[in-house]
Each structure stands twice: as structure tokens, then as C-alpha cells.
Amino acid sequence: MRRPGATPPLAGPVAVVGLGRSNRALVRYLLDRGIPVVGCDRVPPEQADPEIHQLARAGVELHLGPGYLRVLQERPFGTVFLTPGMKKDLPEITAARAAGAAVRGEIDLFLERCRGKVLGVTGSAGKTTTTTLLAEGLRQAAAPGGPLAGRPVFVGGNIGRPLIEEVDRIPPEALVVLELSSFQLELCHRAPDVAVYLNLRPNHLDIHGTMEAYAAAKARIVELQEPDGWAVLNADEPAPAGLAGRAPGRVAAFAASARAARELAEREAARRGGPVRAAYLAGDRLVAWDGQGERPLLEAGAMHLRGAHNRLNALAAILAGWVAGADPAGMAQAAAAFRGVEHRLEPVRELDGVWYYNDSIATAPDRTLAALEAFTEPVVLIAGGYDKGIPFDPLGPALCRRARAVVLLGRTAEAIQRVIEEAARQEGKAPLVRRVASLEEAVAEARRLARPGDVVLLSPACASYDMFRDFAERGRRFKELVMALS
């Protein structure tokens, strides 16, 4: 059971800004408890879907369309819940905060009221895979005869269904696994019992503004923990490893490097007291370390997931499950059986000796770099999309070395082509580069360029908002186009 943190009380009146899926669940939760709600969303009334209008019939005072935030300046609110992905320093929100409103998010209220043990996962890349892996391992541990037998497992946060409507029914013995974005964390006033921090790469700078602000939001998953919590940190990464000294509770470490993981875990255990917990790669094997000796868990080649980054994701999930009471060997078995999450290096089909992979989740260059490293085959890459303000420079050398061809589309096509051309002058070679106007054209061109034994990889290095609603819609459309090839 977590001790109460410094979460502001749920004072009224309450405004909920942004009426997407998670905040609709929040509104229903508040209404069921007799709390009046003012709902705000930028969608105009004539474009609002039936579920938003249903909220009005349930008693929500709606403010929709242009000027939807004006009400935050016109009257006082005790609490303002924001949708995670919006800027938090808009004038109307700043004014509400200055007038005394507590600015929070749905996840903050969930953490305040959840009685179960919460395990949270954040990082610039790998959150969904690690969260899902962790939940699968915990479910196996909770099966009859397992070390966590009988304990229900819930999954939510940035994936799955919103859990706020279930929070009062989640029992104290439950294990709750949450994927947590930087947007959600910057609205939190407390943190999970077990906090997993995978990595930090440039991302979402169009919203956060600076890397410093982005890093500060991620750091909250550790800094807001209680003294009985566990921080599970990537010892190979400066940002997570650098939080070890500021963690209020205990620290466990994972890494590709045995030295890094063991040094961090043993140092923090000696400084704080308590057990040593580390996980790392020993050659091609995933192992656990308790301060006394290595415990072999899994041959990396036995995993279905491709790529060195997924080995680290598996280590993080194994370690988080271990500190929560699961057996690391059982967690490793779950990792070996796991076949991945949709849109994350997802195999689509083989056609004429060419494999097609959907990695639409790659909305930043570092994800595309990791995807390229997952293949030894020549790659025909489909990339480009919405510009989030992240530099593409690292892509140039990697594409010159790893790609046979690159098919570019979207707003960022010119910028990506530029870094390829600049890198080619240094590398002495370059992939073929083709520019197209749509994903339909990209798939057709990639098929024309690919040879037997190649991989066609959709890994855009960009968000999808210039052409699609989100990365999932883009990935589904890619799969439809690939399956239609003949």
C-alpha cells in the first residue's frame, strides 16, 4: 500500500479539458460520485461525436469549439484536469493555476485512489512493449501455484482501456501495470510503487519545447516515489542512471553491460540497505544478479522479438517483475513466448522473397535507428511524416550503411533526404532515394525497389499527423496495402 503523497485534494468546481477517451472515462467517474463537471474541448459542437453529446445529457456543462478554454478565466475552479498531450502553459491554464486551481491529470487521480501495487513504465522508446511484457509475466506469476498466485493484474495508462472507472473496484492485492508518457507524468503528484525508466531520446519537443523540460517530466516517475518504492533504471543510459541518487526508495539496474548494471545496483544497495537486484546481458544470454552470483535466464536467440533494444525491454520487464515478487525465471519464460505488439517491428507478410515489416510506432529518429539495427538483411525503408522538431542527423549515416533504398513522404521528406545526402559525402555511398506523395505510392515504390532477401520496413522516424490520425491508423493502412499486393 502506498502512503499518501502530496496530491492536491479533489476540490470543486471541476473542469475537464479535452474530452478524449481517457477524460470521458474520468468525467463519468466524477459524475457517478456526484461531482459536477464543466467539460471543455476544441472540437466544434457540430463536429462532436455522440458520446460527447451524451455527456451533456448526463449533466456536463460543455464548452466546445473556438474559445473553449475561456471559461477557465471567467470563473474559479478548484481542480482542472487536462488531457495529457496539450501544452500546459496556455494563458487560460496559467490563469486558472494562478487563481488557485490544482492542475492534474486522470492518471494522477488514479494513482491517488488505487489501492493495488502500481508498476509504471516510461521512456522515449519501448514503453508499450515493456509494459505488455511485464503484464504477461505478472499474469503467469499470478496463476495457480505461482509466487503471486491469485493476484489480479490490470493494464492501463497510455495503452488499453482507461482504468479510472475501475479504480474503486481494484483490490489491495492487485498488480496494476501502467504505461506512462511524459505528458501524463508532468500532471502527476505521485508515482508508481515500481517505476521503470527505459531511456531518454529527443521527442515531443513540439509540446515540451526543450529537452530539459521533456527530461524533467520523465524524471517525475522516480522523483515522486515513496521511500518503500523501487526505481528500475537503465544503467547504460545517462538520464535514468543519473536519477539513482535522487530516488527516494530502492534502486534496481538493468543494462546491456554487466559492469554498468552491477555497479549501479550494488552501489545503491550498499548506500540504502536492502537486496541487490540487477539484470543484464552476458554474451547472448539474459541473466539476473542478486549480489552473489549470476542466474542464467534466457538465450536471446530464443526470443521472438527482434533487435537489441527488445533485449533491454525484456531485461527491464524481468527486473520489474522480480522486485514486485515474481520469479525472474518465470518472467523470462514470458519474454521468450512474447510475439510483440502491433505496429512494433510487426511482420506483415513475405512476398516474392521480400519480408514486409510494420514499425509505424517509430515516430522519432531513434526508434528508426533501433529498427534498422534489428535486421541483417538489406532494407528498403519507408520514412517521413509530420515534423515534431527533432533533428534527423543521426539517420543519415545509418541509412547510408544499412539501407538499399529509402522511400520518403510527408512534410519531413526533404529534411531526411538532406541528411542522407550530407552523410553520403562522408560515407562514400548512399541508398537510392525516392520521393512519393502518399503511403500507397510508397508501398508500390518499395516493392519495385526491393530484391529477394530484402526487408521492406515502414519505420517513419516521424509522427503521422500530416496524413493520418495517429501511428496506429498509419500502420493499419500500411498492412492493408501490403496484403493487397499480388
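Visitor: How many cavities of 30 Å³ or more are there?
Guide: Five cavities reach 30 Å³ or more. A cavity is a set of points, on a 1 Å grid over the protein atoms alone, where a 1.4 Å probe fits but cannot get out. Two notes before we go on. This is a predicted model, where local features need pLDDT of at least 70, side-chain atom pairs count only at pLDDT 80 or more, and totals for chains, interfaces and linings use all residues. Residues are numbered from 1 along each chain as its sequence is written, and side-chain values use heavy atoms, with hydrogens and water left out.

Visitor: What volume does the largest cavity have?
Guide: About 60 Å³. A volume is the space filled by probe spheres set on the points, which are joined across faces, edges and corners.

Visitor: Which residues line the largest cavity?
Guide: Among them are Leu-409, Leu-439, Phe-468 and Arg-474. Lining residues have an atom within 4 Å of a point. The lining divides into seven nonpolar, three polar and two charged residues. Ala, Val, Leu, Ile, Met, Phe, Trp, Tyr, Cys and Pro count as nonpolar, Asp, Glu, Lys and Arg as charged, and the others, Gly among them, as polar.

Visitor: And pockets? How much space lies in the second largest pocket?
Guide: About 210 Å³. A pocket is an open set of points with protein on both sides within 12 Å along at least five of seven lines. Its lining includes His-304, Arg-339, Glu-342 and Tyr-357. By class, the lining of the second largest pocket has five nonpolar, two polar and five charged residues.

Visitor: Let's switch to strands. Why is strand 18 largely enclosed?
Guide: Five of the six residues of strand 18 (residues 403-408) are buried, so the rest of the structure largely encloses this strand. Buried means under 20% relative accessible area, with a 1.4 Å probe and protein chains only. Strands are DSSP runs of E, at least two residues, and helices are runs of H or I, at least four, numbered from the N terminus.

Visitor: Which strands pair with strand 18?
Guide: Strand 17 (residues 379-383) pairs with strand 18 in the parallel sense over five bridges. Strand 19 (residues 432-435) also pairs with strand 18 in the parallel sense, over four bridges. Pairing needs at least two DSSP bridges between two strands. Look for Val-406 in strand 18: Leu-381 stands opposite Val-406, and Val-433 in strand 19 is a bridge partner of Val-406.

Visitor: How does the chain get from strand 18 to strand 19?
Guide: Through helix 16 (residues 413-427), in a right-handed β-α-β crossover. Right-handed means that, with the strands pointing away from you, the path from the first strand over the helix to the second runs clockwise. Strand 17, helix 15 (residues 395-402) and strand 18 make a right-handed β-α-β unit too.

Visitor: Is Cys-400 buried or exposed?
Guide: Buried, at 3% relative accessibility.

Note on methods:
Buried means under 20% relative accessible area, exposed over 50%, partly exposed in between (1.4 Å probe, protein chains only).
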